[in-house]
Amino acid sequence: MAINIECPVCGNTSGKKVSAIVAAGTSSGTGSGSVYVNDEWHNVTTNVNTKTSLAVDLSPPPEPNSAVLSCIGTIGIIFSALTGIVSFMFLNSEDTGFAIGMMLFCWGLGAVLALLIRVGNAKVGKQLPLWERAMECWDQLYYCDQSDTVFNSVTNEHFPRSRWAMENYLESKSGFKLK
Ligand SMILES: [Zn+2]
């Protein structure tokens, strides 16, 4: 794989690796303005560092995981199983019909939750290889601040810098959907 860090839009070769920009979380630029000192206006130029929207725009897609779903689902299953058992203990009381109904409802709910967790995990399992492909592609990206362009150092594809463009590009390369 030949790596070409020349910007395909403006030819600038001072592009920075996108992963390095995001890791740093900051971007630097030059700002200019005027200050009034000793009855006179002075033009000043200064380097500014900002915690940026640049790093946000260039960030990679988050790794898919189903931990939250599994956690909430498991708590739900335990709760419905316990409620089911409590209902079972009321079986010999006067309200047998209600106790049986309640018990079946709770255990049914638990079964549905278990199924949801399975489906959620399967979905994440399918997304993971796509996400890995997106990350591989993301790792080839460079950013040129002269033309505000993101470009692929291997394929020379390029797009204007924005969160939207980044997500679309990675999705088109990997099939990984962010939303
Ligand atoms: Zn450029």
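Student: At which residue of helix 4 does a kink lie?

Tutor: This is a predicted model, in which local features need pLDDT of at least 70 and side-chain atom pairs count only at pLDDT 80 or more, while totals for chains, interfaces and linings use all residues. Residues are numbered from 1 along each chain as its sequence is written. The bend at a residue is the angle between axes fitted to the seven residues ending there and the seven starting there. In helix 4 a kink of about 30 degrees lies shortly before the proline Pro129, at Leu128.

Student: What distance does helix 4 reach from its first C-alpha to its last?

Tutor: Helices (H or I, at least four residues) and strands (E, at least two) are DSSP runs, numbered from the N terminus. The expected span of a helix is 1.5 Å times one less than its number of residues. For the 43 residues of helix 4, 63 Å is expected, and the helix comes close to this with 61 Å.

Student: Is Leu113 buried or exposed?

Tutor: Leu113 belongs to helix 4, residues 96-138. A residue is buried if 20 or more other C-beta atoms lie within 10 Å of its own, exposed if 12 or fewer, and partly exposed in between, with C-beta atoms placed from the backbone. Because Leu113 has 21 C-beta neighbours inside 10 Å, it counts as buried.

Student: Which residues does Leu113 touch, not counting those up to four places away in sequence?

Tutor: Two residues are in contact if their C-beta atoms, placed from the backbone, lie within 7 Å. Leaving out residues up to four places away in sequence, Leu113 touches Gly73, Gly76 and Ile77.

Student: Against which elements do the buried residues of helix 4 pack?

Tutor: The buried residues of helix 4 include Cys106, Gly110, Trp131 and Trp138. The elements against which the buried residues of this helix pack are helix 1 (18-24), helix 3 (67-89), strand 4 (141-144) and helix 5 (163-174).

Student: What is the bridge partner of Phe151 in strand 6?

Tutor: Strand 5 (residues 149-152) pairs with strand 6 in the antiparallel sense, over 3 bridges. In strand 6, the residue bridged to Phe151 is His158.

Key: Pairing = 2+ DSSP bridges.
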